[in-house]
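Here are my notes on this model. Please read them with the structure open.

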Amino acid sequence: MPTTDATQALETLRRLQSKQELSIIKLSETITDPEEQGARQRASDASNSLLDGPTPVSLEADLAHYTELFAKLRFSYVEQVTKEKFIRAIVGDPPLIVTMQENSELERDNAEAKAELKSLKQEVALMVTELERRGRELCRRYESIQLDTVKLQELPEKTQELRARIEKLRSLQEKSDANPNLNLPLAKTLGLVARRKAEHQELARELEALQAKVPRKRKEAERLQAELGSLEAKLHTSSAAAREAQRRKEAAALGGVADDLEQRARWWKASEEVLKQVLSLKT
């Protein structure tokens with residue numbers, strides 16, 4: 001249902017835009033005539049850019065050009081009319097003589113006309129300001145509508161993607177029924193996550209403590225390795241001596257002659273027995 005509404009809204013926007021297309025060229029057609037401008041081209045770049053392709057910058061430059069041009073034309077017109085009236089008053093028959101009273105009345109009327117003109121100018125300035133504000137607001141709204149139109153065009157595709165993701169998540173949920181932790185509610189899931197985080201932090205602290213003990217344990221291992229090396233050397237020496245003694249003993253048993261080491265052992269043993277007997281007699 002939401003996809004249908006989005007499609008209908010998109011079709012409505014397209015239909016309205018096709019009926020009334022807003023562009024700077026169409027807006028400028030109300031104040032300029034391309035044929036007339038082509039017949040009377042000016043040498044200014046603003047006019048040429050307006051004919052080539054009007055833009056907001058070119059229209060603003062053209063407006064400033066016209067404002068300056070009309071100000072000059074008004075000054076020239078007032079100057080020309082004043083000269084003409086002055087010359088007619090001088091060369092007229094009879095000549096036009098203006099009294100002080102007429103000058104005062106004319107100045108008073110002129111002051112009233114200027115005040116009224118100033119008031120009208122202020123009203124026009126306010127109207128222009130309001131029109132500019134509304135124009136900018138409409139421009140922002142038009143850009144917003146264009147952006148929303150693009151988003152609306154992408155909405156059906158995103159909706160399909162979201163539906164596909166929902167179906168995928170549902171299939172994963174059905175497959176994960178064997179693990180009860182995956183079906184816990186939000187509160188219990190958050191509690192489980194908190195416990196797992198606490199366990200992880202505890203393991204991290206233990207690992208850090210063990211890593212701190214590594215240098216000392218390494219030194220102890222090196223010391224034990226050195227001691228083990230010396231003990232292994234003694235073991236090899238003792239084993240070699242034992243094997244040599246065993247060999248001599250076997251050789252003496254086979255040959256009937258005891259070696260020097262065995263004879264010395266017997267002599268020491270006999271001496272020990274003699275000393276024990278002597279000491280026992282004295283006591």
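1. A word on terms before the surface. A nonpolar patch here takes residues with over 30% relative accessible area and no salt bridge, with nonpolar side chains joined within 5 Å. By that rule, Phe 86, Ile 87, Ile 90 and Val 91 make a nonpolar surface patch of about 430 Å². Keep in mind that the model is predicted.

2. Phe 86 sits in helix α5. Its relative accessibility is 56%. Exposed means over 50%, so Phe 86 counts as exposed.

3. Now the overall fold. The protein chain has eight helices and zero strands. From the N terminus, the order reads α-α-α-α-α-α-α-α. Of the 283 residues in the protein chain, 8% are buried.

4. Next, the second largest pocket. The space in this pocket is about 240 Å³. Which residues line the second largest pocket? They are Thr 82, Lys 85, Phe 86, Ala 89, Ile 90, Leu 96, Val 98, Glu 102, Asn 103 and Leu 106.

5. Helix α5 gives the most, with five. By class, the lining has six nonpolar, two polar and two charged residues.

6. On to charge pairs. The structure holds 11 salt bridges. One of them joins Glu 154 and Lys 158, with the closest N and O atoms 3.8 Å apart. The cut-off is 4 Å, so this pair counts as a salt bridge. Glu 154 and Lys 158 are four residues apart in helix α6, which means a separation of about one helical turn. Both ends are partly exposed: Glu 154 at 36% relative accessible area, Lys 158 at 46%.

7. Helix α7 (residues 186-255) holds another pair, Arg 205 and Glu 202, three residues apart and separated by about one helical turn. Their closest N and O atoms lie 2.4 Å apart in a salt bridge. Arg 205 is partly exposed at 47%, and Glu 202 is partly exposed at 35%.

8. Also in helix α7 are Arg 223 and Glu 227, four residues apart, about one turn of the helix. Their side chains meet in a salt bridge at 3.2 Å, N to O. Arg 223 is partly exposed at 46% relative accessibility. Glu 227 is partly exposed too, with a relative accessible area of 37%.

Conventions: Residues are numbered from 1 along each chain as its sequence is written. This is a predicted model: local features need pLDDT of at least 70, side-chain atom pairs count only at pLDDT 80 or more; totals for chains, interfaces and linings use all residues. Side-chain values use heavy atoms; hydrogens and water are left out. On a 1 Å grid over the protein atoms alone, a cavity is a set of points where a 1.4 Å probe fits but cannot get out, and a pocket is an open set with protein on both sides within 12 Å along at least five of seven lines; lining residues have an atom within 4 Å of a point. Grid points are joined across faces, edges and corners, and a volume is the space filled by probe spheres set on the points. Helices (H or I, at least four residues) and strands (E, at least two) are DSSP runs, numbered from the N terminus. Ala, Val, Leu, Ile, Met, Phe, Trp, Tyr, Cys and Pro count as nonpolar, Asp, Glu, Lys and Arg as charged, and the others, Gly among them, as polar. Patches are made of residues with over 30% relative accessible area and no salt bridge: like charges are joined within 9 Å, nonpolar side chains (Val, Leu, Ile, Met, Phe, Trp, Tyr) within 5 Å. Accessible areas come from the Shrake-Rupley method with a 1.4 Å probe; for residues, only the protein chains shown count as cover. Buried means under 20% relative accessible area, exposed over 50%, partly exposed in between (1.4 Å probe, protein chains only).
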